[in-house]
2 protein chains.
Amino acid sequence: MNKPNTQNTNKKNMEAVTPKSEDISRWYTDVVLKARMADYSPVKGCMIIRPYGYALWENIQRILDAEFKKLGHQNAYFPMFIPESFLTKEAEHVEGFAPEVAWVTHGGREELEERLAIRPTSEAIIGHMYSKWIESYRDLPVLINQWANVVRWEKVTRPFLRTTEFLWQEGHTAHRTHEEAQEEVMQMLGVYRKFVEGSLAIPLVTGEKSQKEKFAGALNTYTIEALMPDGQALQSGTSHDLGQNFSKAFDIRFLDSDGDRKYAWTTSWGMSTRIIGATIMVHGDDRGLRLPPKVAPIQAVVIPIVYKDSQDVIIKARELMKRLAASDIRVHLDDRGGFKPGWKYSEYEMMGVPLRVEIGQKDLEKNQVCLVRRDTGEKMFIPDAELEATVLRLMEEIQQTLFDQAAEILKNKTVRALSFEEFTAAIREKQSMADLCWCGEAECEAKFKAEAGATIRCFNDGQVDTPCVVCGKPAQKRVFVARAY
Amino acid sequence: MNKPNTQNTNKKNMEAVTPKSEDISRWYTDVVLKARMADYSPVKGCMIIRPYGYALWENIQRILDAEFKKLGHQNAYFPMFIPESFLTKEAEHVEGFAPEVAWVTHGGREELEERLAIRPTSEAIIGHMYSKWIESYRDLPVLINQWANVVRWEKVTRPFLRTTEFLWQEGHTAHRTHEEAQEEVMQMLGVYRKFVEGSLAIPLVTGEKSQKEKFAGALNTYTIEALMPDGQALQSGTSHDLGQNFSKAFDIRFLDSDGDRKYAWTTSWGMSTRIIGATIMVHGDDRGLRLPPKVAPIQAVVIPIVYKDSQDVIIKARELMKRLAASDIRVHLDDRGGFKPGWKYSEYEMMGVPLRVEIGQKDLEKNQVCLVRRDTGEKMFIPDAELEATVLRLMEEIQQTLFDQAAEILKNKTVRALSFEEFTAAIREKQSMADLCWCGEAECEAKFKAEAGATIRCFNDGQVDTPCVVCGKPAQKRVFVARAY
């Protein structure tokens with residue numbers, strides 16, 4: 001059987017993308033399609049995650065899943081159907097999600113007695129099961145995660161960033177005390193932060209959401225927010241302190257050691273395929289994707305430059321590939337005939353492969369290898385014997401460079417606003433995120449939206465050193481305000 | 001934060017199960033619930049896969065996924081919504097699946113223009129995408145797999161064995177020639193057989209399905225069938241030669257090297273969480289599960305036998321646990337206080353943990369460890385220094401014993417039938433699978449069902465050495481016939 005052909009054979013596909021600086025929206029769509037990360041489906045708002053995009057998701061899953069398990073979480077699977085009556089048990093929850101729910105009304109040829117929601121999130125069904133499973137304080141904590149598809153009916157969609165169906169993980173835990181639940185909430189926020197900054201090379205701002213922006217049904221929501229190059233924030237992961245809201249709605253009680261029957265304290269936390277959209281948006285350039293080495297499906301591609309069908313170069317290329325694979329580099333050899341090296345270079349640049357390894361007749365003679373970095377475009381010739389060590393070092397360097405470049409953007413696009421005028425200028429003219437003081441009132445919060453289409457992304461730790469930029473009264477919180485995806 | 005409590009603290013839960021020989025159906029349900037493999041959901045026919053059951057599924061996924069990838073397959077993700085008009089494009093396909101489809105009719109607060117099927121299988125949506133992606137013979141083969149949930153509306157359900165929503169993998173491939181597609185079909189059947197026999201220790205019969213029993217829309221279906229102790233067969237994985245049926249329905253064409261535009265040849269193949277039901281059913285006994293070591297979430301449990309709070313034994317138990325973990329044994333230490341050793345023994349027997357490692361004061365003094373096999377109940381004392389080597393050896397032995405015991409049942413319950421009377425006796429009186437000759441006519445095939453509730457499970461390689469047991473005319477096929485789950 002032949003090897004699968006997972007690459008592009010369609011040359012017209014490789015035409016230039018819209019420049020990122022010209023139209024970031026069109027650039028994004030161009031890159032997602034041309035790098036074969038995803039494709040549109042015949043059902044509006046749904047996407048196909050193609051093998052190259054899914055391989056990135058598998059790398060994300062592998063790293064996160066290991067972190068979750070290290071902290072004692074176990075995976076499980078809950079049904080995607082939630083009876084309508086369950087969804088309505090927690091009042092805020094149903095109000096928040098009802099407008100986005102897809103409903104199943106028929107099974108086979110029969111109409112259902114009660115219509116079923118396709119899970120937009122699983123607090124309701126999991127809360128119901130926890131009420132059956134938890135009897136004693138000895139059953140606590142319950143630390144469960146699931147990897148699943150969820151559906152939220154969206155009007156305006158974009159591959160990865162906002163789709164009707166998406167993939168995610170959702171952790172759901174139950175604890176004996178509020179303190180322990182809060183510890184879990186902050187611990188998982190930390191896991192997300194470490195993963196996104198460390199593995200995806202995306203710098204973040206993190207903190208508590210305002211009551212208006214919290215998860216429907218939560219006491220408090222904590223978020224990690226990434227800033228896109230157009231100054232819009234992208235909520236990239238959330239961790240919710242659900243208090244006793246869901247345990248009261250679903251009767252999750254346990255017999256404590258003091259003989260009292262008490263409501264458990266629950267949390268939930270989730271991260272989705274949306275994070276792939278953030279990775280594309282933050283790091284990509286006019287040549288296509290630039291993927292962080294820690295999650296890149298292909299970390300290095302070896303391309304032999306063959307003249308007159310000489311086999312020496314191909315044999316050497318295979319050797320380089322094997323040596324890199326033996327050093328645990330995710331390496332791919334592209335020795336296809338019928339494609340010029342330059343065409344291949346463009347293809348792997350589009351796919352965001354961090355490092356290109358070129359080998360030609362001259363390199364063979366000089367006992368050298370040519371390396372080209374995707375992040376900087378830098379080209380270097382190194383002695384053959386130094387290949388593995390150099391590639392391993394470059395993986396670290398490229399990861400760091402991508403982070404540093406994104407951190408520079410975050411820094412430049414976070415603008416301290418001391419007045420409402422400075423706030424609107426930050427959002428509208430500077431396409432930035434504003435860092436400002438706020439009195440805590442919903443009325444003032446509403447003005448961010450009304451005047452600049454922006455929302456409070458999260459509270460921040462900075463000093464509360466000015467009055468509220470909206471009303472001028474004493475401020476309670478220092479907050480990040482931005483438009484959002 | 002405390003360690004999660006994933007075990008039973010509810011003593012009444014551990015009451016004896018219904019004996020397997022007395023009522024295998026009740027035994028099955030008792031064991032699934034008491035071993036915490038799964039639980040019932042509030043939505044009829046759906047199940048919750050609990051952490052212990054899901055850990056088994058993760059082990060199954062890990063082994064199968066690696067096999068698929070070794071053979072060049074890549075994972076992807078396709079939407080679970082399929083427009084009704086797509087499902088109807090392949091005539092046999094829609095006829096086969098329409099009675100089992102769950103329909104989404106509303107998104108958010110609006111009624112949809114066209115209702116959406118929740119995938120019962122994904123040939124339709126994947127066929128549509130392949131028609132977009134495949135242009136040239138150079139794009140072939142396409143070798144894609146997806147891990148996903150699917151829904152088939154069932155009237156009578158049982159955890160794992162038959163549920164409305166279940167998890168599975170579905171491979172979908174497209175090829176240049178029929179020969180290559182057929183090679184893929186047989187290759188994947190071989191992967192399934194090797195996995196189920198080798199890792200799940202379940203012996204199989206395998207072969208082609210009759211036209212009546214094939215997948216709706218396929219040219220031919222090949223199956224692996226396991227035999228349950230009650231003589232009923234369980235279809236455990238299927239591999240379909242779809243011919244050009246779907247490529248014609250969805251216009252999957254490629255430009256061949258001769259300049260002709262040709263229809264591709266496609267295949268699909270799937271295995272689901274149903275295989276967990278087979279594993280429980282085949283190996284379990286009156287004490288609970290007996291899990292094959294290769295997939296058991298816990299391969300060995302270490303239980304310290306502590307008198308008067310002596311710490312020596314607990315310290316030693318921890319050492320044994322660490323040594324086994326270092327030898328890549330999936331080991332669990334149960335050092336919980338407040339539970340008698342005998343109670344713990346019953347619990348891990350229920351969970352089917354292949355090996356129990358006991359350590360008490362006397363063992364410490366004698367520098368020995370006590371091992372108890374779950375499969376045979378055999379108890380042995382071994383020198384401390386031989387722990388790792390012995391446990392590794394026993395994993396192999398237990399795996400083999402489970403296979404051998406199941407193979408003995410398959411052998412005893414496969415009855416050669418030379419006449420229709422012998423066939424009905426095999427099914428009804430001997431609760432067995434019949435091995436017989438058949439003329440190939442649908443009318444005779446229908447009699448297996450009408451007279452004994454049985455169906456042709458698959459063709460077999462045995463000699464066609466008698467007339468058809470139904471009509472007495474010359475036989476065409478030697479077949480296995482049985483009732484089925």
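Student: An open sheet of four strands in chain A has mixed pairing; what is its strand order?
Tutor: This is a predicted model. The sheet is open and its pairing is mixed. The order in chain A is β20-β21-β23-β22.

Student: Which strands of chain A are the edge strands there?
Tutor: An edge strand in this sheet pairs on one side only. From one strand to the next, the twist averages 35°. The edge strands of chain A are β20 (414–416) and β22 (455–460).

Student: How many bridges join β22(A) to β23 of chain A?
Tutor: Strand β23 of chain A covers residues 477–482. β22(A) and β23 of chain A run antiparallel. The number of bridges joining them is five.

Student: Which residue in β23(A) is the bridge partner of A:Cys458?
Tutor: β22 of chain A spans 455–460. Five bridges join β22(A) to β23 of chain A. The partner of A:Cys458 in β23(A) is A:Phe480.

Student: Which helix of chain A packs on the sheet?
Tutor: The helix touches β21 (433–438), β22 and β23 of chain A. Its direction makes about 125° with that of β22(A). The helix, residues 442–452 of chain A, is α14.

Student: How far apart are the C-alpha centres of domain 1 and domain 2 of chain A?
Tutor: The domain assignment gives chain A domain 1 (17–283), domain 2 (300–395) and domain 3 (414–482). Between the C-alpha centres of domain 1 and domain 2 of chain A, the distance is 40 Å.

Student: Is the crossing of α9(A) and α12(A) left-handed or right-handed?
Tutor: From α9(A), the contact uses A:Leu320, A:Arg323 and A:Leu324. From α12(A), it uses A:Leu387, A:Glu388 and A:Val391. The crossing of α9(A) and α12(A) is right-handed.

Student: What kind of axis relates the two copies?
Tutor: Chain B can be laid on chain A by a turn of 180° and a shift of 0.0 Å along the axis. The RMSD is 0.0 Å. The copies are thus related as by an axis that is a two-fold rotation axis.

Student: Which residue of chain B has the C-alpha nearest the axis?
Tutor: The same surface serves both copies, as 100% of the contact residues of chain B recur in chain A. In chain B, the nearest C-alpha is 2.2 Å from the axis. This C-alpha belongs to B:Val104.

Student: Which strands stand at the edges of the open sheet of six strands?
Tutor: The order is β4(A)-β6(A)-β5(A)-β5(B)-β6(B)-β4(B), with antiparallel pairing. Neighbouring strands are turned by 45° against each other on average, direction ignored. Each edge strand has a single partner strand, so one side of each is left without a neighbour in the sheet. The edge strands are β4 (81–83) of chain A and β4 (81–83) of chain B.

Student: Which residue stands opposite A:Val104 in β5(B)?
Tutor: β5 (residues 102–107) of chain A pairs with β5 (residues 102–107) of chain B over five bridges, in the antiparallel sense. A:His106 has B:Trp103 as its bridge partner in β5(B). Opposite A:Val104 stands B:Val104.

Student: Which residue takes a positive phi in the hairpin of β5(B) and β6(B)?
Tutor: β5(B) and β6 (residues 110–118) of chain B pair over four bridges in the antiparallel sense. B:Val104 has B:Leu116 as its bridge partner in β6(B). The hairpin has two residues between the strands. The residue with a positive phi, near 60°, is B:Gly108.

Methods:
Residues numbered from 1 in each chain as written. Chains lettered and ligands numbered in written order. Predicted model: local features only at pLDDT ≥ 70, side-chain atom pairs only at ≥ 80, totals over all residues. Domains from an automatic or database assignment. Pairing = 2+ DSSP bridges. Axes fitted to C-alpha atoms, helices over the stretch in contact; angles between N-to-C directions. Contact = placed C-beta atoms within 7 Å. Least-squares fit on C-alpha atoms with pLDDT ≥ 70 in both. Left-handed = near helix turned anticlockwise from the far one by under 90°.
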